[in-house]
Amino acid sequence: MKKRIVLTGGPGGGKTTAIDLLRREFSKQIVVVPESATMLFSGGIKRNNEPHLIKSHQQAIFNLQKNLEHIQRTEHPNRLMLCDRGSLDGLAYWPDETSDFFDCLNTDLQTELTQYDAVIFFETAAKSGQSIDSNNPVRNESDKQAILIDNKLQAIWSQHPNFNLVKSAESFVQKVMFGIETITKVMKSYEQ
């Protein structure tokens with residue numbers, strides 16, 4: 001079976017740009033799982049700061065993520081799967097204890113980590129003082145919030161044995177190019 005790679009990181013990290021470029025370059029070799037949160041929030045569900053609604057949002061995002069991955073794997077069994085975020089991303093937004101997240105979703109950290117063969121983490125541009133402004137209408141994090149989310153996500157995903165960090169850089173183009181090089185290396189390592 002072909003491999004599954006999650007591309008994640010704090011808001012404004014450049015992963016969506018990298019995915020768009022990879023989709024063009026490797027269209028016959030990869031399949032992309034779109035970001036579940038963007039699908040949910042751009043589909044009419046409004047963000048809310050009430051803890052019980054945050055939990056409901058994250059449960060919906062988790063389940064959508066799992067189903068989208070299943071659909072893409074079923075439709076494209078011989079392609080490398082690139083996931084725009086992964087099943088553990090919701091943990092960074094969860095308003096309660098980590099154990100509550102796993103209890104609510106009937107899973108655990110190790111089960112979720114082993115779903116992915118590699119993690120490529122795009123650090124938020126806010127960490128190097130760059131703007132995270134984008135054309136994503138559902139993004140509402142400030143630079144400070146982006147850094148906090150990035151730190152939480154990095155603590156979660158860095159537990160994966162094949163964790164690859166794409167650090168924030170002064171040049172967005174250099175960062176995205178480094179990210180693409182990293183993704184290409186990971187892809188080639190699975191072809192051997």
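What covers the buried residues of α6? In this predicted model, where local features need pLDDT of at least 70, side-chain atom pairs count only at pLDDT 80 or more and totals for chains, interfaces and linings use all residues, the cover includes β1 (4-8), α5 (109-113), β4 (118-122) and β5 (163-166), with contact taken as heavy atoms within 4.5 Å. Residues are numbered from 1 along each chain as its sequence is written, and side-chain values use heavy atoms, with hydrogens and water left out.

**Helix α6**
- Helix α6 (residues 143-157) has 15 residues and spans 21 Å from its first C-alpha to its last, close to the 21 Å expected at 1.5 Å a residue, helices being DSSP runs of H or I with at least four residues, and strands runs of E with at least two.
- Its buried residues (under 20% relative accessible area, 1.4 Å probe, protein chains only) are A146, I149, D150, L153, Q154, I156 and W157.
- Seen down the axis of α6, these buried residues fall within an arc of 155 degrees, so they line one face of the helix; the arc is that of the directions from the helix axis to the C-beta atoms.

Note on methods:
Expected span 1.5 Å × (residues − 1). Buried < 20%, exposed > 50% of the residue type's maximum accessible area, 1.4 Å probe, protein only.
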